[in-house]
Amino acid sequence: MLVCDLSSFASIETFAHAILSEYPKIDVLFNNAGVMAIPYATTQEGFEMQLGVNHIGHFKLTALLIPHFNPSARIINVSSMAHMNGTLDLKDPFFNAQPYHSFKAYAQSKLANLLFTHEFNDRMKHNDKHIIAISAHPGIAMTSLFDKVETSSFMKWMKPLFGKIIPSAKQGAKPLIMAALHPQAQANDFFGPGSFFSKEEIKTSKMSALAKDNSLQKGLWALSEQWTQHTIKEN
Ligand SMILES: NC(=O)c1ccc[n+]([C@@H]2O[C@H](COP(=O)([O-])OP(=O)(O)OC[C@H]3O[C@@H](n4cnc5c(N)ncnc54)[C@H](OP(=O)(O)O)[C@@H]3O)[C@@H](O)[C@H]2O)c1
């Protein structure tokens with residue numbers, strides 16, 4: 001088994017090297033790993049953990065793997081409808097000046113996933129391999145994401161009840177799989193359940209105005225390049 005700790009640049013580099021020696025060509029990269037609403041923590045490089053793992057780690061991993069993508073490969077960036085509450089202060093993304101709020105940091109990181117998708121496609125629109133990035137979200141799904149939430153004692157108490165009404169992890173994975181496999185999927189699509197608790201229908205979800213904000217997309221990209229010391233190019 002290959003292990004990747006997205007909160008450590010060294011681990012991401014070791015993992016990328018290992019995965020490429022086992023699988024030299026890649027068709028789909030799911031940038032899916034995530035943490036939600038955790039107490040304040042930092043990555044090994046000192047970035048606030050939720051932006052660090054949910055966005056910066058994936059940016060670095062993508063940069064390392066992309067030269068090995070096959071033609072028509074897809075990157076699936078897993079966001080959330082929580083991005084709707086997300087804002088991003090490019091001058092204070094790590095909550096150094098503003099007070100840390102765990103759900104605000106999560107929403108910011110999920111907004112970052114969408115900004116990343118858009119800017120990736122903008123920069124790569126003329127790439128020879130036709131690699132595209134697509135966003136997806138599971139709606140709400142019963143996974144271990146809720147276990148480390150700051151208010152987790154309430155969540156743990158409610159979990160048996162939630163388990164009965166909330167769609168399963170398998171169900172939540174469907175929009176992600178669809179983003180990877182749908183023959184008509186296009187760059188910047190945002191696949192999710194038809195309604196929040198929907199178990200069947202999957203369609204393109206709405207995204208916030210900030211997610212489509214061109215200057216925010218470019219601003220986050222520039223910072224991500226500085227933070228990771230990588231740019232994303234097809235070769
Ligand atoms: N479940 C929902 O209702 C929901 C709703 C909207 C969006 N999402 C999004 O869906 C994605 C998947 O979450 P999930 O619901 O499937 O939760 P999950 O079961 O907790 O899965 C999250 C995964 O991320 C991994 N992870 C956490 N920190 C990591 C790190 N530093 N390095 C590498 N991997 C790390 C976890 O690994 P370990 O198990 O080893 O910690 C786990 O495999 C996330 O991006 C989340 O934001 C979920």
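## Sheet and helix packing

Strands β4 and β5 run antiparallel and are joined by 3 bridges. Within this pairing, Gly-192 has Lys-203 in β5 as its bridge partner. The model is a predicted one.

On the side of β3, the arrangement is parallel: strand β3 (residues 132–136) is linked to strand β4 (residues 190–193) by 2 bridges. Ser-135 has Phe-190 of β4 as its bridge partner, and Ala-136 stands opposite Phe-191 in β4.

These pairings belong to an open sheet of 5 strands, ordered β1-β2-β3-β4-β5, with mixed pairing. Its edges are formed by β1 (26–31) and β5 (202–204), each of which pairs on one side only. Direction ignored, neighbouring strands of the sheet are turned against each other by 25 degrees on average. Helix α2 packs on this sheet, where it touches β1 and β2 (69–78). The direction of α2 makes about 170 degrees with that of β1.

The helix pairs are considered next. Two packed helices are described by the angle between their axes and the distance between the axes.

| Helix pair | Angle between axes | Distance between axes |
|---|---|---|
| α2 (residues 49–65) and α3 (residues 102–124) | roughly 15 degrees | within 7 Å |
| α3 and α6 (residues 214–228) | about 95 degrees | 9 Å |
| α1 (residues 9–22) and α2 | about 30 degrees | 10 Å |

How are α1 and α2 oriented to each other, roughly parallel or roughly perpendicular? Their axes pack at an angle of about 30 degrees, which makes α1 roughly parallel to α2. The crossing of α1 and α2 is right-handed. From α1, the contact draws on Phe-9, Ile-12, Glu-13 and Ala-16, and from α2 on Gly-57, Lys-60, Leu-61, Leu-64 and Leu-65. By class, the contact of α1 with α2 comprises 6 nonpolar, 1 polar and 2 charged residues.

With an angle of roughly 15 degrees between their axes, α2 and α3 are therefore roughly parallel to each other. Here too a right-handed crossing is found, as α2 passes α3. On the α2 side, Gln-50, Leu-51, Asn-54, His-55 and Phe-59 take part. They meet Ala-105, Tyr-106, Gln-108, Ser-109, Lys-110, Ala-112, Asn-113 and Phe-116 of α3. The residues of the contact of α2 with α3 divide into 6 nonpolar, 6 polar and 1 charged.

Helices α3 and α6 pack at an angle of about 95 degrees, and they are therefore roughly perpendicular to each other. Helix α3 contributes Ala-112, Leu-115, Phe-116, His-118 and Glu-119 to the contact, while α6 contributes Leu-216, Gln-217, Lys-218, Leu-220 and Trp-221. In this contact of α3 with α6, the residues divide into 6 nonpolar, 2 polar and 2 charged. Ala-112 and Phe-116 of α3 are listed in the contact with α2 and also in the contact with α6.

## Ligand surroundings

Which residues are the closest to the ligand? They are Ala-33, Gly-34, Ser-80, Thr-143 and Leu-145, out of 20 residues that surround the ligand. By class, this shell has 11 nonpolar, 8 polar and 1 charged residues.

Methods:
Residues are numbered from 1 along each chain as its sequence is written. This is a predicted model: local features need pLDDT of at least 70, side-chain atom pairs count only at pLDDT 80 or more; totals for chains, interfaces and linings use all residues. Axes are lines fitted to C-alpha atoms, for helices over the stretch in contact, and angles run from 0 to 180 degrees between N-to-C directions. Helices (H or I, at least four residues) and strands (E, at least two) are DSSP runs, numbered from the N terminus. Angles under 35 degrees count as roughly parallel, over 145 as roughly antiparallel, 65 to 115 as roughly perpendicular and the rest as oblique. A crossing is left-handed if the near helix is turned anticlockwise from the far one by less than a right angle, and right-handed if clockwise. Two residues are in contact if their C-beta atoms, placed from the backbone, lie within 7 Å. Ala, Val, Leu, Ile, Met, Phe, Trp, Tyr, Cys and Pro count as nonpolar, Asp, Glu, Lys and Arg as charged, and the others, Gly among them, as polar. A residue is near a molecule or strand if its C-beta atom, placed from the backbone, lies within 6 Å of it. Two strands pair if DSSP finds at least two bridges between them.
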